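This briefing is meant for a reader who is new to the structure shown below.

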Amino acid sequence: MQLDRILQSQGFGSRKECRALVRDGLVKIAGQVMTDPFVELDTSGLVFEIDDWEWEYADQVYIALYKPVGYECSHKPKHNASVYTLLPPPLVNRNVQSVGRLDVDTTGLLLFSDDGQFIHAMSSPRRHITKSYRATTPQPIEPGLIEKLMEGVQLLDEPEPVRALAARQTGEQELELLVDQGKYHLVKRMVAAAGGHVETLHRFAMGELSLEAGVLPELEEEDWCYLRPQHLSLLGFVDKSDRAGA
Ligand code: URA
């Protein structure tokens, strides 16, 4: 593929802007400043540098972000910053979208991609991708709350009671909950329906992909990383694209 088209496909602007990046001497490959925006390159395993920042060519990108409190999962947030401001502009220009949403006050694992099939697969109720949450409560957890979550709680607007796949108390004011649905405010509504109240909420895993199990690079709040094929397979997703960096 031509270098200017490669850069455009990776989110670095219009073809004209990408040609200008090359002509301005800002693009390097293997340490060499590129001068010809029309040079044909093999994209497989291609790594390029722009302004001393290294990028891997990828047909499609898959990303994990450790979402902090105070960010809305929307491109046009109403009252807070957008989670998309935590990603580098070329990734946002590629039109990555989040897989579902976390509330503005929820922290933890949030996935993004520009692969519609991936987003659809991860969001599809039929796939039953599990989500693991840790919640704290302002008061000590009442006896029976965990049992109610396991037996199923009736939520407004839901035809049937919603059950946790697993729930356990992990502290006087802390519990962990495993669910496989992605409904609006699900965990807060479930805990409320069981007679409790969520003070803080953190999603620490989706399927086997955990922020805490050493399967991802160690991420601090606001950090992101690419998901590699081994991470995607933990989510039961096989990437068929020419993704760099197995
Ligand atoms: N459940 C909630 O209540 N909030 C979230 O952000 C995620 C799950």
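Which residues are around the ligand? They are Leu102, Asp103, Thr106, Tyr133, His185, Leu186, Val187, Lys188 and Leu201, where a residue counts if one of its heavy atoms lies within 4 Å of the ligand. This is a predicted model, in which local features need pLDDT of at least 70 and side-chain atom pairs count only at pLDDT 80 or more, while totals for chains, interfaces and linings use all residues. Residues are numbered from 1 along each chain as its sequence is written, and side-chain values use heavy atoms, with hydrogens and water left out.

**Contacts and cover**

- A polar side-chain atom of aspartate 103 lies 2.7 Å from a nitrogen atom of the ligand, a polar contact being a pair of N or O atoms within 3.5 Å.
- From the backbone, an N or O atom of valine 187 lies 3.0 Å from a ligand nitrogen atom, and a polar atom of leucine 186 is 3.4 Å from a ligand nitrogen atom.
- Of the 240 Å² of accessible area that the ligand has on its own, the protein covers 96%, with areas taken from the Shrake-Rupley method with a 1.4 Å probe.

**Make-up of the shell**

- By class, the shell around the ligand has 5 nonpolar, 2 polar and 2 charged residues, with Asp, Glu, Lys and Arg counted as charged, Ala, Val, Leu, Ile, Met, Phe, Trp, Tyr, Cys and Pro as nonpolar, and the others, Gly among them, as polar.

**Domains**

- The domain assignment, which is automatic or from a database, gives domain 1 (3-56), domain 2 (62-125 + 208-245) and domain 3 (130-206).
- Domain 2 and domain 3 each supply at least three residues of the shell around the ligand.
- The centres of domain 1 and domain 3, taken over C-alpha atoms, are separated by 48 Å.

How values were computed. A polar contact is a pair of N or O atoms within 3.5 Å; within protein, one must be able to donate a hydrogen and the other to accept it, and residues adjacent in sequence count only if both atoms are side-chain atoms.
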